[in-house]
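Let's take a friendly walk through this model together. Please have the sequence and the 3D view open as you read.

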Amino acid sequence: MTQRQWFKLHGWCSLPIWILFCFICITGTIAVFSHELTWLFNENARALNPDDLAPIAMSERVAAVKALYPSAHITTVMTFESYLTNAVMFSADSVPAGIAYVNQYTGEVQEINQGITFINFMRSLHGWLLFPWQSSYSVGYYLVSAMSFVMMGALVSGLVIYKRFWRAYTQPKIRVKQGKKSILSDLHKHAGAWSIWFIMIMSLTGLWYFTQQVLWHADIDIEPHAPVVNINDVPLGKAPTEPKVSFDQAMQIAQTQFSDLQPSYVMMPEHNRDMYKIMGGGDYIFYDQYAYRLAINPWTGEVAQADSPANMSTLQTVMHVVDPLHYGTIGGLWTKAIWFIFGLILSGMSITGFMIWSSKIVQAARAKKAAKREQKLSEQGA
């Protein structure tokens, strides 16, 4: 391919969908700091701990919700960063579907949310553009993850076009006195050179999300579902209202199974043959907060399933390391800040790239129009 053909390819990797691509970049950048923005703008989501108290047991956080709503059916408990409250999901007579913000240090229920949270909204907007899910797939998820092919194409073609891109590291130069076109071109090239590592990470993780969606759509499970309780373990006679193994006991069993377990997502049994399903993170820093997965029998206390990074398959390992790489949660707030900055740079690149390409299109159109005018005048003169 010639340099001109590479340039056209680079433009077409961005121009046709630049608005969608820019929107995805901006929403993803905001989603990186969605937890921190929640803390900043919603005081009820802050887990204040002025007395430096130790976190109370998870069962006490559940009990705090039941004290307010005696008829509450608790379904899920989620934990986040230490400065955010826990989210206890439940349903009750007066609350069909609610999320209680429980301070894990004081046990106080600080808010009852009956709508979508800002964190879930931003992740959904960025992840699948709020498109509905048809069983196991979403058109929006396909659209967003397909941007990985566009991004990879833009990266490869950009490296071919920008000869000796490493000069942007050793001899950075922005021509501010040579017009708008030169400024935009220099900003675009330098931003691209400094963002190569980031674009590669976004492209590869996006490619995995696309692959994952294809697998979901084909009903291929990457991780096995938690088993159901053996019918012989369920007591005969009238169905009991509470399992023999309490929530507290189940959490202790999980902690015994994995000593470094930090629970982040706990699901209560929904029926007599359902299990306690406990997910969390641990000492594996490159894995997400769902890398440990346990299923505990609520009647016998048996650990029916225990998955961790130590016994994962290749696909499962990829699935659990992609999110921290995509959202920059590997090193906490510092890596989030880096991802946020480069997310802004990538969003800006989509805008400057469109401006450069559109200016060339306008110039070409004007030149073509001028050529036609001159030809017409010459024909009239003849």
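The paragraphs below go from annotated spans to single residues.

This is a predicted model, in which local features need pLDDT of at least 70, side-chain atom pairs count only at pLDDT 80 or more, and totals for chains, interfaces and linings use all residues. Residues are numbered from 1 along each chain as its sequence is written, and side-chain values use heavy atoms, with hydrogens and water left out.

Let's begin with the record. UniProt, in an unreviewed entry, places the feature "transmembrane region" at residues 12-33, 139-162, 191-210 and 337-357; its positions are given in the numbering used here, feature names are shortened, and annotations may be inferred rather than shown by experiment. Residues 139-162 are 96% helix and 0% strand, with end C-alpha atoms 35 Å apart. For residues 191-210, the end C-alpha atoms lie 26 Å apart, and the span is 95% helix and 0% strand. Helices (H or I, at least four residues) and strands (E, at least two) are DSSP runs, numbered from the N terminus.

Next comes Glu 223, in the loop between helix H9 (196-217) and helix H10 (247-257). Is Glu 223 buried or exposed? Glu 223 counts as buried because its relative accessibility is 15%; buried means under 20% relative accessible area, exposed over 50%, and partly exposed in between (1.4 Å probe, protein chains only). Leaving aside neighbours within four places in sequence, Glu 223 is in contact (heavy atoms within 4.5 Å) with Arg 293, Gln 316, Met 319 and His 320. The Glu 223 side chain makes a polar contact of 2.5 Å with the side chain of His 320, and another of 3.2 Å with the side chain of Arg 293. A polar contact is a pair of N or O atoms within 3.5 Å; within protein, one must be able to donate a hydrogen and the other to accept it, and residues adjacent in sequence count only if both atoms are side-chain atoms.

Now look at Ala 54, in the loop between helix H3 (34-41) and helix H4 (58-68). Ala 54 counts as exposed, at 59% relative accessibility. Ala 54 touches Gln 104 and Tyr 105, not counting residues up to four places away in sequence. From Ala 54 to Tyr 105 is 51 residues in sequence and 6.1 Å in space, C-alpha to C-alpha.

Arg 164 is not a glycine, and its phi is positive, near 50°. Its relative accessibility of 48% makes Arg 164 partly exposed.
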